[in-house]
Structures are given as C-alpha cells and as structure tokens.
Amino acid sequence: MLMVVGLYIKMTNQLLIKKIEESGLTGRGGGAFSVAKKWKLVKKNIDNSNFGYIIVNAAEGEPEVKKDGYLLENETELVIAGINRALLYLGTKNIKAIYFYLNVLYLQKYKAKIEKVLKNKEYKELAKKIIFYKKPQESGYIGGEESAIVNVIGGQKVRPSQRPPFPPEVGLFAKPTLINNVESFYNVALIAKGTYDNKRLFTLAGACSHKGVYNLSATMSIADILHATDNYPDFPFFVIAGGAVCGEVLDQDQLIAGVEGSGLIMIFNHQKTDYDKLLDFWLRFYENQSCGLCTPCREGSYRLRELFKEKKIKTEKFTDLLDNLEQSTFCALGSSLPYTVKSYLENIYFKYKKYE
Ligand code: SF4
C-alpha cells in the first residue's frame with residue numbers, strides 16, 4: 001500500500017520491509033548480513049525493551065575503499081532518506097538517538113553537507129536524533145568493526161565484543177541497536193523510491209588507468225567489472241578483491257567470481273610487484289592492527305611475520321598458525337588474515353616467486 005504524505009507518496013513500513021526482503025539486500029559494510037532480517041530483529045527487540053539506537057557506520061576503515069565517501073559526497077540526500085526510513089520503521093519515539101559515526105576526514109568533509117540536508121522539513125524529527133561521532137583516529141581498522149563501534153560510543157575500550165549477543169539484541173548502552181553501513185541506507189532509499197536494481201558500488205584501485213567508484217550490477221564478475229570500467233589491464237596482472245587487506249587474491253585467469261566484502265578491486269602489475277614486499281605489507285598490517293584481545297591474532301600475526309622474515313613460510317608452523325587464525329579468532333580482522341595470505345600464497349606467491 002502507498003500512503004500520501006504532503007506532496008510525497010510513501011511506501012508504508014510494512015511494504016518497505018517486504019520490498020527490502022524481496023530485493024535480497026545484504027549489508028554493504030563487509031558482513032553481508034540480510035538487511036531485512038536485521039531491521040526486523042531490531043524492531044522486535046525494541047518492542048520488548050522500550051527503546052533503542054541506530055548507528056550509521058561511515059568509518060570506511062578498509063584501505064583504498066572509497067564508496068561511502070562517494071555516497072556522502074554525491075548522494076547525501078538518498079543516504080539521509082534511507083536513515084529516515086529506518087527511523088520511521090523502528091518508530092521515531094522508540095529511537096533515543098542516531099549516531100553518525102564518521103572517520104575524521106569524512107566528518108570534516110561531509111558534516112556540513114549532511115546538516116544541510118537535515119534542514120529539510122521532512123527530516124525535522126530525524127535531525128533532532130542525529131549525533132555526529134568522530135571515529136577515534138588511533139582506533140585504526142578495528143574502530144570500524146560493528147561491536148567495537150558500540151564499545152567506542154559507549155565509552156569502552158576500542159575492542160570487539162564476544163557475540164552473541166549481537167547489537168540488534170544487546171547493543172549500544174545494552175539496548176537493541178541497528179548498525180548499517182552508509183551504502184546499505186542508500187540502497188534502502190532506492191528501494192523505497194522503487195529504483196533499486198541490485199547494483200552495488202565498486203572501488204577500482206591500484207594499477208588501473210580509471211580509478212574510482214562505479215555503480216554496477218552486484219552480480220558482475222571481477223573480469224566483467226574490469227572490462228565495463230575500461231580497467232582491464234594490457235599487462236600481466238593479479239588482483240585483491242573485497243578489500244585491499246581483507247580480500248581474496250586472484251590471478252588474472254581466476255576472475256569469474258563476483259566481489260564480496262567492501263566491494264574493492266585492486267590491481268597489481270606482476271612485472272612491477274615485489275612479491276615479498278607485498279606479503280610483508282599485509283602481515284605487518286595485521287600485526288599492527290590487531291587489538292590484542294585474542295591470542296591467535298595477537299601472537300599469530302606477530303609469529304607469522306617473524307617466520308616470514310626467517311624465510312620459513314613453507315613450514316608446517318606457518319600453515320598451522322594460519323589455520324588456527326581461521327578457526328579461533330574473535331572478529332573478522334583475525335579471520336581475514338588467513339583468507340588474504342592463503343589465497344596470495346597459493347594463487348600468486350608460490351606460482352611466480354622462485355622460493356629458495
Ligand atoms: S581477531 Fe584480532 S582484532 Fe579481532 S578481537 Fe581478536 S585480537 Fe582483536
């Protein structure tokens with residue numbers, strides 16, 4: 001059913017959630033959890049607990065990914081419209097506050113732009129609830145992780161929390177909390193307008209001639225995206241897909257899959273890449289970004305780099321440490337390390353590097 005409100009024709013909350021469900025929209029922050037399921041869960045829990053919170057995640061902490069910045073720059077109104085739809089769906093009186101969690105750069109660049117849109121009469125109630133929150137600069141990658149954000153805003157240490165319970169059940173200040181990425185809210189606005197067509201934003205980076213953010217079908221393969229954006233290299237290359245550090249590394253004959261994670265494709269020129277330096281970069285990143293909470297990640301990332309420096313990556317110990325990280329870490333950072341490193345070793349490093 002459609003409701004006429006002022007000059008606008010609006011989808012009812014019930015119809016909207018049905019449409020979100022039918023669209024199959026998943027979160028665009030990396031977790032890829034069903035947006036409809038999350039919204040319904042938060043609503044159910046808020047109904048049992050009087051009130052809750054919304055957090056807009058604009059931390060965009062994965063290196064090289066620029067899609068949320070692109071949306072805040074170019075599609076501010078639709079991002080705000082999507083957040084407003086979440087507020088209406090969960091019930092304005094049930095939401096105590098909406099935290100707009102932005103990295104330092106985005107806060108500086110986009111706060112005024114967002115505030116300008118919020119001046120629109122339609123967003124009177126929404127504007128009253130919005131609290132801008134600066135992601136602590138020293139929080140690094142982990143400061144953009146869902147449960148770590150809840151802890152940061154709640155005044156706790158910048159660390160992920162053990163789950164369950166998940167934020168839709170016990171989130172900010174122990175209340176049900178909806179956390180969605182900027183792109184997820186943008187897509188909800190498109191669904192509400194009836195213009196969503198299963199596209200997502202891809203960031204193209206690295207050794208390509210047309211870097212940038214592209215809005216393309218979510219089901220396209222990596223090879224098709226490179227062709228469609230005129231970025232298919234004419235030199236031997238490989239890519240990391242998903243994120244620049246949390247992604248899958250694939251050689252140029254392995255690009256039939258789509259892109260998961262944060263939607264990044266980064267291209268590397270085989271002839272210009274120092275394979276050791278690249279591996280060292282990834283291992284160092286994980287070692288530096290580990291928050292230290294769990295042993296396999298804290299000790300494992302350190303030991304892996306030590307073994308690498310001792311030229312012992314073909315040892316059982318190196319493999320065991322990777323397997324251990326895969327199975328027993330607390331958050332996505334720890335489990336991404338083996339995903340990136342294993343795919344790199346298997347698809348690129350051992351194939352091209354003369355290993356002594
Ligand atoms: S996996 Fe690493 S970053 Fe994540 S909680 Fe454990 S120590 Fe912290």
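Mentor: Start with a term: two strands pair if DSSP finds at least two bridges between them. Helices (H or I, at least four residues) and strands (E, at least two) are DSSP runs, numbered from the N terminus. This is a predicted model: local features need pLDDT of at least 70, side-chain atom pairs count only at pLDDT 80 or more, and totals for chains, interfaces and linings use all residues. Residues are numbered from 1 along each chain as its sequence is written.

Trainee: OK. How many bridges join strand 4 and strand 5?

Mentor: Five, and the pairing is parallel. Strand 4 covers residues 95-102. Its residue Y99 stands opposite I131 in strand 5.

Trainee: What order do the strands of the open sheet take?

Mentor: 5-4-3-6, four strands with parallel pairing. Strand 5 (130-134) and strand 6 (177-181) are the edges, each pairing on one side only. Neighbouring strands are turned by 20° against each other on average, direction ignored.

Trainee: New topic. At what angle do helix 4 and helix 5 pack?

Mentor: About 60°, with the axes 10 Å apart. Axes are lines fitted to C-alpha atoms, for helices over the stretch in contact, and angles run from 0 to 180 degrees between N-to-C directions. Helix 4 is residues 76-90 and helix 5 is residues 104-118.

Trainee: Which residues meet there?

Mentor: T76, E77 and I80 in helix 4 meet K113, I114, V117 and L118 in helix 5. Contact means that C-beta atoms, placed from the backbone, lie within 7 Å. By class, this contact has four nonpolar, one polar and two charged residues. Ala, Val, Leu, Ile, Met, Phe, Trp, Tyr, Cys and Pro count as nonpolar, Asp, Glu, Lys and Arg as charged, and the others, Gly among them, as polar.

Trainee: And the ligand? Which residues come nearest?

Mentor: C291, C294, C297, C331 and G334, of the 14 residues around the ligand. Near means a C-beta atom, placed from the backbone, within 6 Å. Helix 11 (295-309) and helix 13 (332-352) each give two or more residues to that shell. The shell has nine nonpolar, four polar and one charged residues.

Trainee: Last one. What are the domains?

Mentor: The assignment gives domain 1 (2-193), domain 2 (199-272) and domain 3 (275-352). Such bounds come from an automatic or database domain assignment. The centres of domain 1 and domain 3, taken over C-alpha atoms, are 32 Å apart. Nine residues of domain 1 are in contact with seven of domain 3.

Technical notes
Two residues are in contact if their C-beta atoms, placed from the backbone, lie within 7 Å.
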